[in-house]
Amino acid sequence: MKFYKDQPGVWCLNRGWKFKETDCKDLPCGIRHDDIYDYTKAGGAKGPAELSFDDSDWKPVSLPHDWVTGKSFDAQASPNHGYKKRGTGWYRLKFRLSEEDRNQQILLEFEGLSSKAFIYINGTLCKRQFYGYNSFCVDITDMVCFAPAVNLLAVRIEADAWEGWWYEGAGIYRNVWMVKKSPVHIAYQGVYVKPEQQADGTWKLDVETEVENSFGQEREMKLEAALYLDGNKKQELPCVSGTVPGYERIRYHQSIIVKQADIWNTENPVLYEVRSVCSVTNGEQAAGPNEITSPDTSFESQDYLNTRFGFRTIRLDADTGFWLNGENMKLRGFCCHQDHAGTGVAVPYALKEYRIRRLKKLGANAYRCAHNPDPEILDICDRLGMLVMEENRTFSSDEDTLAQVRGIIRNARNHPSVILYSIFNEEPLQGTLRGGRMAGRLRRAVHEMDSTRPVLGAFNGGYLEEEGAALSLDAVGINYNPMRYDEFHRKFPNIPLVGSETASAYMVRGEYENDEERHKIASYDESCAPWGDTHRDAWRWIMERQFVAGGFIWTGFDYRGEPTPFEWPSVATFFGTYDSCGFPKEACYLYQAFWTNEPMVHLAAPWGQGSMPGEPVKVLIISNCQEVEITVNGRLVQRKPADRYQPELIHVPYESGNLKAVGFRDGKPVAEHTLTAARKAYALRIETSGTQLRGDGLDALVVNVCAVDEEGNVVSDADQTVSFEISGGAELIGTGNGDPNSHEPDTAPYRKLFHGYAQAVIRNCGLDTVYIRVTAEGLKEDSVSLPVRRIPHIPYVEEAKDTVVEGWRMYHQLLDRRPDTLFSADVNDRNSFEPIEFHGRPQSEFTGKLNKFGVYQTRLSLTENHGNRYLYFPDIKGQVWVYLNDEQAAERVLQTLGAMKVEIPAAFGKTGICTVVIRNQNTENREAGICAPVILSEDNGLTPEE
Ligand code: GAL
């Protein structure tokens, strides 16, 4: 895989950002008439939304970025957010678009920001997004400018309020993409592929495509599409053509019968692709007002979009539960929040994949994005064969929320992994008339976009109410309360039921005793939230009822926040099956026993961890075998039948040496597990989640470290501080150890071992071989080198390092003489000087008017940096005099064409007036003026090309 957004015209916007946590406003500095007058115009937003704003002391960052990870824990902050404060911050990115982009539609796609965002392009507030978990796009086509002019994308993020009751991080915590499309193109997420199996086993494949015209000129277009498998064309769809009026979207349908298709399922997730091409066929027509008019320019264009999907059927039945491709299947699911140790919510794709692979290892086949959508997760689950309950965050049927929900569905509906849409989680209105009506409208909004998946809500009450949401939906999810499954089924025998959230059992990895004072919870599956159940009880309720389609365990991984049943100093949850790094707690082996058939046996016990000889050690025997034999140093303790759903608890008197379990099937030994009393920690050992990194700036790897004794056994009480040294083409983005009580900094290059383990997450940032070295006092170090694989060019939007001077005005008339005193317009006069931008042409006022003088003015704002500063006029025609705060700074009288460079003296300070006087003299065509945007360089070794 190159990267998951690999599509023609898609550019990555993850690099080159500057960030600062600040509550700066987008307001002007003053309140005079000229300040306010300018602010209220298109492009007039000030503060960090303005190109000339000084961000020289802001921090350079790459996305995904969660600024909360850089903060320390604070007992005054909310336990829900893991005792870290959030706040308000700004991001800025300067970039250039080329001349070729002039006739493109330019979209920005944000996959998610936490939480409330205001997005500005070139000083215009172009989007307010108050849903931190939804991806959305912003069409900036009309608001961008082209090289050498510089665009400023600024994002203000307010993250003070709560959208969820868990750790939400803050910032642009998912990817940002720029999508460039030809004028008539397939709309953003505009292809919907619907495979429907026919009675005779063949598939009817309907493809719905929205074609959009981003400019004013009506166009004829032709839409072609074909079905591909593994890059090979399988079948063509009928070509359609039509007229797309200016600024309109038209929906087209194409349909074929596919006689035989490879099926997508959880074991073998086969993905097909529909490749669509939209070609404009009347390109020669005169171009519209927004398009470059040049006799040589052909407007024939092609736009491509590849849409992945799978052939599969799903059915949710009120009596028999869930069916995939005609096979009855329990949903063996985990609920997961999105954060990971060290990285917060800024989790790279590769790390999300690492987590989902770990869940699959336990036999899971389903994933609930709790309680919010995530586009990358859908892509990963498609590829890995994981079924998804995609969940909406905000329960409401107001217009804005309906639009957001439509966006979620548009993003999800081609993904074969998605089998259920959940429109809410535990809403107090769920059992009321209001809740019922809201749910009904949301369901309708979903089905208008996709009628192939059932819509449910995750209820924690109210599901028996006839006025409530239960009867407005296709299915009901019950959170906890398994003892009410039967009652529900009796009352509503025709409504399918899913255990949308179960368990909420507590455990701390490596702990075998409860200790209220130290906030430790033992690993024997004996504790759970008052509303929850132990893992084994939760699963038994579901397993024993065919009508319950399956269950989603709360949770797959520990997450930050919600440190129930404790508060400070605990900062993370205790519910995870894995800890926050993905190191297995004993709960993992329970699910392996419940859900997998590969023979396994596992002993959960602190064998050799401080017990005195003869002292009884509590041992939980977990196995999916028929019988398990337990021995100590080869001596039989017991051999008994095993129940995979009801692990046996025994006590074994401790003695130095091995405690061993052997699992038997049909009398034959098929699995074993040995616990050895490890000796003193001797060395560190690295294990990475992969053997190389892709050199795309996006790929990431998990670096797990453990302490081992001289024989290589993991030393579970090791707690040394490990230092991570990462060099070459990777950078460290976070560290963790799975301890819910740890207050170590997320992003520091060190971490204490917790029960023998710690972790770093690294991200690719170059092409040099990555070198990882871990050290800890008193332990032998370890290191590894990993190659970085060069991959075909990833289209990145590059940061523009210099900037362009904006805000130019030109005196409303030409003069006969060079002015002696320079004009300083009255603050109430916004008309004597007219606003002007420089776009590659001289000012038409001058044409033919030889010897006339024109006056231009702007306010220059510089940074604190007092290095080499100059103005660069790439193309200026005529004789020129440049004044800075009324002092002449440069003149050009002999030459009348070409570029000009003007030094800005240190005395100028940070801000002041720049005036340019031009005389139309002996130039080609008797033309004069500033023909190209004026570049301001504050020379950090950067010189614009002359
Ligand atoms: C549920 C809720 C989850 C989480 C969980 C903890 O009520 O849906 O988000 O808070 O409880 O047990």
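**Ligand site, annotated domain and an open sheet**

An oxygen atom of the ligand lies 2.5 Å from an N or O atom in the side chain of Glu562. This is a polar contact (a pair of N or O atoms within 3.5 Å). The protein covers 93% of the 310 Å² of accessible area that the ligand has on its own (Shrake-Rupley method, 1.4 Å probe). The model is predicted: local features need pLDDT of at least 70, side-chain atom pairs count only at pLDDT 80 or more, and totals for chains, interfaces and linings use all residues. Residues are numbered from 1 along each chain as its sequence is written, and side-chain values use heavy atoms, without hydrogens and water.

The distance is 2.8 Å for the side chain of Trp165 and 2.9 Å for that of Trp531. Residues surrounding the ligand include His371, Asn425, Glu426 and Tyr480, where a heavy atom within 4 Å counts as near. The shell divides into 5 nonpolar, 4 polar and 3 charged residues.

An unreviewed UniProt entry places "domain: Glycoside hydrolase family 2 catalytic" at residues 319-394 and 401-474. Such annotations may be inferred rather than shown by experiment. Residues 319-394 are 30% helix and 28% strand. Residues 401-474 are 39% helix and 18% strand. Helices (H or I, at least four residues) and strands (E, at least two) are DSSP runs.

Six strands form an open, antiparallel sheet in the order β48-β47-β49-β55-β52-β53. Its edge strands are β48 (833-835) and β53 (887-892). Pairing requires at least two DSSP bridges. Strands β52 (879-884) and β55 (911-919) pair over 6 bridges.

How values were computed. Polar contact = N/O pair within 3.5 Å; in protein donor to acceptor, adjacent residues only side chain to side chain. Nonpolar A, V, L, I, M, F, W, Y, C, P; charged D, E, K, R; others polar.
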